[in-house]
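The sequence and the structure come first, and the description follows.

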Amino acid sequence: MSELLKEAKISRRNAKATLTRAGKTLRHTLHVQRPAEEVKQSLTKLQEAYEKLITKHEELTKLIEDDAEFETEEAWLADCQEAFMNFEIEGKKHLDEAAKQVSKENITNSQPSASDAHNENNSDQNENNNVNLEQVLADNALSVSTGSQPVTTGGEGIGTNYDAAWEYLDSIYGYPRVVSDTVMQDIVKFRAVNSDEDGRFCELVHLVKRSYNTLKEVGLPNDMDNSHMLSIIEKKMCVDDRKVWSRDLEKDKKTASLHGLMTWMNVEMKSRMRASAPLRTSTKHSINHLKQFQGGEDQFSNHRCWLCKTSSHWVDQCPKFSSLNHDQRLQCAREHHACYSCLKRASRNHRMSNCSRRKQCMEKENGVQCVHFHHPLYRNGSQRADVTSVTTDQEALLPVISVNIDGENNLYKRGNVLLDSGAQLSLIRQETAETLGLEGDNISITLTKVGGEEEEISTKVYKIQVSPPDSNKRFVIKAEETNGSIRSSNDSERECYRLQCIFDMEELIRVTAWVLWLKNNLMAKIKPGNEARKANQAPLTPEELEQSRIYWIKHTQTSLEERVKKNEFKMLTPFVDADGIIRVRGRVDNAVVSYETKHPVLLPYSHRVSRLITEEAHRCGHSGIATTAAKTRRMYWIIRVHDIAKAVKFKCVVSSNE
């Protein structure tokens, strides 16, 4: 991204230099009083240079995400625009004076004299041509002002005077009321914006701002700053934008006004521009020493990460590269011929000495900055984790460091600390706290486990001082006590089913049904009194599939039991049916519908099963958010189902291509 931004700035700088040279050429042409034709050519070149500068500036602003930097670049362009307008005004003023001088000379030459009596016919013809030219210009100007209607310019009215025609135009369009009516009509004629037309929303914002500034210049800002025009502008927005605008007013408890609406529209436009701007360019840059072969084991391609041979992440974000120590990173970079400054593949024309991203390392040791120009990952730090976070298909490794844990009466213990960036609290073993003689406060915490299951436990919280083994620095952290026995009751079953790897609710139910069938057969062999199903019988029965569905519903509702007891869902009036499933009541008890439609199953928001049910409802027609939520609530009352349906719709490939 920085390379593209740098190239855009260089291109704009060259365009600015071209504009400056064109302006100096025009000013020099005016200073030496060159003919009007040369002045016109210089003015044309100046205008072309300014248009090119505008194009380069727009290409640069598309790459800028920071609002403050965007406003700075716009102020820079405003200065360039002011300089261009000064050059343009000087050139046009010179051309107007030259035209007037030519007109006076033609009038003088058209008067007959004794010395040039033989040119009388030619002079009369020139005078007639001048009069006809003025009449044509006046007719054209008046025809535009009167809607292309024929206008008689001879004998009465303004006659054939060109200046009078322009005075007539100024008298009409210079009247503020006419300007106000024209601006109002532009807004009224603007077609309403649809929900997916972000470009036309930006056009509406610019139209409103431009119209209000115009009315301020003519002294009639109140013609637009009123409730009538405010309602017209609101009707031009889509339904979703009007809802967001009304919520913003309710949130800040403000009254609707034109200035508030313009401010909100400006912020909304900038946010949409940032959201639609690409984070990285999709253009593929070829590297000379990377070649592609159509077959064979040695296949080379332009991957972002040359260590993992993938384009899903860059080398500085690679977990495998980060897990290596200092010497291993250097050895890996040498083997893959990587640049020590940017970690990208080096080449004949790309090495550390001429790398465009070469900069001094910002790391400091004992208050002194590193003098080398390497990447921060090549920094040979004195403290590092034994293992960094690495995730594979089978297991996950987390960093472990050794620290001294201080206790009471100058006691301390050397221990290992497991760093988990995804955890929301710190834990300490009960035996460690007792050994160090720590005293803590009694608290009650709620733990959310894998699968969305919640468990409330009573424990203690300690303030612990830890320090590195080879340093005097001390750090104070808060940690909750645990005896190491926190474990879900369904951990073994979860390991078997691997719920996070299932992407279809029907597949989950069928797999679970086969597992339960196998469990029943094994239990039947242990206890011969139970009836066992033979392996060569028919496929799964509907009763077995229903038992599998009920199993996952009960498993999903485990995290809701405590919340139901606390009356968190009082408005839904939940109850437990004969199968032990939590359902909700409604106002359709007497309706002629099924029992599951009258009393849908209550499910939590964060569980994987809720997501699978919503995805299954969305796949039946790939409908919108409201329709997907309605299909889901025919049998299940999922908390915040609209948020899940929205996430499912935006990630659906079929819906995004429609």
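A residue is called buried when its relative accessible area is under 20%, exposed when this is over 50%, and partly exposed in between, using a 1.4 Å probe and protein chains only. Helices (H or I, at least four residues) and strands (E, at least two) are DSSP runs, numbered from the N terminus.

The model is predicted: local features need pLDDT of at least 70, side-chain atom pairs count only at pLDDT 80 or more, and totals for chains, interfaces and linings use all residues. Residues are numbered from 1 along each chain as its sequence is written, and side-chain values use heavy atoms, with hydrogens and water left out.

**Helix α19 and its surroundings**

Helix α19 covers residues 608-619. The distance from the first C-alpha of its twelve residues to the last is 17 Å, close to the 16 Å expected at 1.5 Å a residue; the expected span is 1.5 Å times one less than the number of residues. Nine of the twelve residues are buried, so α19 is mostly covered. These buried residues are Arg608, Val609, Ser610, Leu612, Ile613, Thr614, Glu615, Ala617 and His618. Just after α19 comes glycine 621, with a positive phi of about 105°.

How do α19 and helix α21 cross, and at roughly what angle? The axes of α19 and α21 (residues 641-651) come within 10 Å and cross at roughly 60°. Axes are lines fitted to C-alpha atoms, for helices over the stretch in contact, and angles run from 0 to 180 degrees between N-to-C directions. Angles under 35 degrees count as roughly parallel, over 145 as roughly antiparallel, 65 to 115 as roughly perpendicular and the rest as oblique. The helices α19 and α21 are therefore oblique to each other. The crossing of α19 with α21 is right-handed; a crossing has this hand if the near helix is turned clockwise from the far one by less than a right angle, and is left-handed if anticlockwise.

**Helices α1 and α2**

Helix α1 (residues 2-31) and helix α2 (residues 36-61) have axes that come within 8 Å and cross at roughly 165°. The two are therefore roughly antiparallel to each other. In this pair, α1 passes α2 in a left-handed crossing. The residues of the contact comprise 14 nonpolar, seven polar and seven charged. Here Ala, Val, Leu, Ile, Met, Phe, Trp, Tyr, Cys and Pro count as nonpolar, Asp, Glu, Lys and Arg as charged, and the others, Gly among them, as polar.

An unreviewed UniProt entry lists residues 36-63 as "coiled-coil region". In the model, the chain over residues 36-63 is 93% helix and 0% strand, with its end C-alpha atoms 42 Å apart.

Most residues other than glycine have a negative phi. Lysine 309 has a positive phi near 55° and lies in the loop between α10 (258-276) and α11 (319-322). Its relative accessibility is 42%, so lysine 309 counts as partly exposed. Threonine 573 also has a positive phi, near 45°, and sits in the loop between α17 (561-565) and β11 (574-576). With a relative accessible area of 35%, threonine 573 is partly exposed.

**Pairs of residues apart in sequence**

| Pair | Separation along the chain | C-alpha distance |
|---|---|---|
| Phenylalanine 201 and cysteine 238 | 37 residues | 8.9 Å |
| Leucine 249 and tryptophan 264 | 15 residues | 9.9 Å |
| Aspartate 327 and tyrosine 378 | 51 residues | 8.7 Å |

Phenylalanine 201 belongs to helix α7 (residues 198-218) and is buried at 0% relative accessibility. Leucine 249 is part of helix α9 (residues 239-252) and is buried at 13%. Aspartate 327 is in helix α12 (residues 326-335) and is exposed, with a relative accessible area of 57%.

Note on methods
UniProt positions renumbered as here; feature names shortened; annotations may be inferred.
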